[in-house]
Amino acid sequence: MRKGELTRAAILDMALELSSRDGLEGLTIGLLAEKMKMSKSGVFAHFGSREDLQIEVVRLYHHRFEQEVFYPSIKEPRGLQRLQGMFARWVKLVSVEIALGCIYISGAVEYDDRPGAIRDHLVAMVQAWRDALHRCINQSMEMGHLRSDINVEQMVYEIYGLILALHHDARFLKIPGSVERAQAGFDRLIDSYRNPQVPQISASAKTASSKTTKPAANKAA
């Protein structure tokens, strides 16, 4: 990378850190310039506007989410084992974000009633992840791991609810054991939707699913 690209990447890293802590609306060029020991005009030279910077922060967060959660999970076998891997890695990421904050969750609070480009990007990226969950559940049904009569939208809603509850209890209320409760809730959810004619995936397989692997080069269909 050239010097300008390295500087831009460093600015984005700091901007993501500040946005995770203070929210996207708490991100200012002045504060960012101070943290980077740069002039405001120096920061502006890499981004056309504050909104452009905020959108790039959202894109960077989404990219890292994919690298840590999505790509490793699609290396798992299709079906229930992949779904379990997706949730386990998602929980692992949220457990790290407890100290910093989640751009998707804080962004939803900041931009739920604010039309514009930032909201559009947030919605598109959150929806892309929901679509991945939806697709994985459908594959689990097609392979007979889950019952064929499942309302997929309801199941995605319930999975997402577990993550939101985890973030609320662990970050806001600081209740110990929140991560374990989220995983227990997911396990019960899976049991309620499981195809009774298919044996459960072994504990060793679940453990393997939760381990982080190297990112895949391309998305699976």
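The chain exposes about 11,500 Å², and carbon and sulfur atoms supply 55% of it. Areas here come from the Shrake-Rupley method with a 1.4 Å probe; for residues, only the protein chains shown count as cover.

**Ground rules.** I am working on a predicted model, where local features need pLDDT of at least 70, side-chain atom pairs count only at pLDDT 80 or more, and totals for chains, interfaces and linings use all residues. Residues are numbered from 1 along each chain as its sequence is written, and side-chain values use heavy atoms, with hydrogens and water left out.

**Overall fold.** I counted 10 helices and 0 strands in the protein chain. From the N terminus on, the elements run α-α-α-α-α-α-α-α-α-α. Helices (H or I, at least four residues) and strands (E, at least two) are DSSP runs, numbered from the N terminus. Of the 221 residues, 44% count as buried. I take buried as under 20% relative accessible area, exposed as over 50%, and partly exposed as in between (1.4 Å probe, protein chains only). Next I checked contacts, meaning heavy atoms within 4.5 Å. Among those between residues at least 6 apart in sequence, 72% join residues at least 24 apart.

**The annotated span.** I found a UniProt record, an unreviewed entry, that places the feature "DNA-binding region" at residues 28-47. UniProt positions are given in the numbering used here, feature names are shortened, and annotations may be inferred rather than shown by experiment. In the model, residues 28-47 are 65% helix and 0% strand, and the end C-alpha atoms lie 12 Å apart. I then looked at lysine 37, in the loop between α2 (29-36) and α3 (40-44). Phi of lysine 37 is near 55°, a positive value in a residue other than glycine. Most residues other than glycine have a negative phi. Lysine 37 counts as exposed because its relative accessibility is 77%.

Which residues of α6 are buried? I noted Ile103, Tyr104, Ile105, Gly107, Glu110 and Tyr111, in a helix that covers residues 103-111. The buried residues of α6 pack against α1 (3-22), α4 (50-73), α7 (117-142) and α8 (152-172).

I turned to the largest pocket, with a volume of about 340 Å³. A pocket is found on a 1 Å grid over the protein atoms alone: an open set of points where a 1.4 Å probe fits, with protein on both sides within 12 Å along at least five of seven lines; lining residues have an atom within 4 Å of a point. Grid points are joined across faces, edges and corners, and the volume is the space filled by probe spheres set on the points. The lining has 18 residues, of which Tyr104, Ile105, Ala108, Val126 and Tyr160 lie nearest the centre. α6, α7 and α8 each supply at least two lining residues. α7 gives the most, with 6 residues.

Valine 126 sits in helix α7. Valine 126 is buried because its relative accessible area is 18%. I listed its contacts as Tyr104 and Tyr160, not counting residues up to four places away in sequence. Valine 126 and isoleucine 105 are 21 residues apart in sequence and 9.6 Å apart in space, C-alpha to C-alpha.

I found lysine 174 in the loop between α8 and α9. Its phi is near 55°, a positive value in a residue other than glycine. At 63% relative accessibility, lysine 174 counts as exposed.

Is serine 178 buried or exposed? Serine 178 is buried, with a relative accessible area of 6%. Serine 178 belongs to helix α9. Its side chain reaches the backbone oxygen of isoleucine 175 at 2.7 Å. Leaving aside neighbours within four places in sequence, serine 178 contacts Leu166, Asp169 and Ala170.

Asparagine 195 lies in the loop between α9 (178-193) and α10 (203-210). At 16% relative accessibility, this asparagine counts as buried. What does the side chain of asparagine 195 reach at 2.9 Å? I found the backbone oxygen of glycine 144.

**Last stop, α4.** Proline 72 is found in helix α4. Proline 72 is buried, with a relative accessible area of 1%.

Definitions and conventions. A polar contact is a pair of N or O atoms within 3.5 Å; within protein, one must be able to donate a hydrogen and the other to accept it, and residues adjacent in sequence count only if both atoms are side-chain atoms.
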